[in-house]
Amino acid sequence: MALTKLNFGGSGLSSLPSGSVIQTQKTVVSTTDTITMTSYQVVDMTGLSVNITPKFSNSIIFLTGQVFGEVSANGAHNVNFMFRRGSTDLKAPVAGNRNVGIMAPSMSFYHTDYASTPETVFYAHHDEPNSTSQITYKIAVQSGISTNAVWHLNKTATDTDNSAFERGISFIMAQEIKV
């Protein structure tokens with residue numbers, strides 16, 4: 001394997017050029033779980049959090065997330081995902097009574113089947129926390145329906161042991177980018 005050497009003409013992280021990735025932190029969840037989504041409330045996805053301590057206060061934190069699973073209620077298409085920095089929601093601005101987030105599931109959705117057709121979400125966002133203290137980022141979800149729905153993380157709702165009931169993995173990743 002070839003060795004690549006960075007030549008940035010200095011020593012230490014402060015000499016790296018703008019746009020350099022300073023560090024990457026990630027959490028991968030391969031276990032299954034169920035998360036009750038209380039109607040119209042933002043709920044953290046179990047286990048999908050990551051800690052990062054920025055080296056520079058003006059760094060950008062680039063976030064990526066992937067969530068695999070299935071909602072076991074009518075209205076799966078009314079779910080919105082976002083990131084959270086601590087208890088601060090990172091999502092689109094509030095717009096009346098709309099359910100806002102960063103990304104809704106890309107539907108492999110079969111309208112009459114809430115048992116064996118998983119949804120997937122892959123999304124990204126950037127944050128400027130202006131801090132060198134440890135930050136916890138989480139993946140969160142908000143249901144836009146009036147009844148409580150259940151998200152079946154990394155599995156289908158009924159999770160039957162055959163090829164029609166898929167399983168997958170979910171992750172969150174935070175990368176510090178030098179400005």
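Visitor: What does the accessible surface of the chain come to, and what share belongs to carbon and sulfur atoms?

Guide: This is a predicted model. Its chain has an accessible surface of about 9,300 Å², and carbon and sulfur atoms hold 50% of that. Buried residues account for 41% of the 179 residues.

Visitor: How many helices and strands does the secondary structure of the chain have?

Guide: There are zero helices and 10 strands. Among contacts with a separation of 6 or more, 79% join residues 24 or more positions apart.

Visitor: Which residues of the largest nonpolar core touch the most other members?

Guide: The general idea comes first. In soluble globular proteins, nonpolar side chains tend to be buried together. Here the largest nonpolar core has 28 residues, and those touching the most other members are Met45, Val67, Phe81, Tyr137, Ile139, Trp151 and Leu153. Several strands supply at least two residues each, including E2 (33–37), E5 (79–85) and E10 (170–177). Strand E3 gives the largest share, five residues.

Visitor: Which residues does Tyr137 touch, not counting those up to four places away in sequence?

Guide: Among them are Leu48, Val50, Ile61, Leu63, Leu90 and Ile172, along with Arg84, Arg85 and Asp127.

Visitor: Is Gln142 buried or exposed?

Guide: Gln142 is at 11%, so it is buried. This residue lies in strand E8 (residues 135–143). Its side chain makes a polar contact with the side chain of Lys91 at 3.4 Å. Beyond its neighbours within four places in sequence, Gln142 is in contact with residues including Tyr40, Asn78, Met82 and Val100.

Notes: Residues are numbered from 1 along each chain as its sequence is written. This is a predicted model: local features need pLDDT of at least 70, side-chain atom pairs count only at pLDDT 80 or more; totals for chains, interfaces and linings use all residues. Side-chain values use heavy atoms; hydrogens and water are left out. Helices (H or I, at least four residues) and strands (E, at least two) are DSSP runs, numbered from the N terminus. Buried means under 20% relative accessible area, exposed over 50%, partly exposed in between (1.4 Å probe, protein chains only). Contact means heavy atoms within 4.5 Å. Accessible areas come from the Shrake-Rupley method with a 1.4 Å probe; for residues, only the protein chains shown count as cover. A polar contact is a pair of N or O atoms within 3.5 Å; within protein, one must be able to donate a hydrogen and the other to accept it, and residues adjacent in sequence count only if both atoms are side-chain atoms. A nonpolar core is a set of buried Ala, Val, Leu, Ile, Met, Phe, Trp, Tyr and Cys residues joined through side-chain atoms within 4.5 Å.
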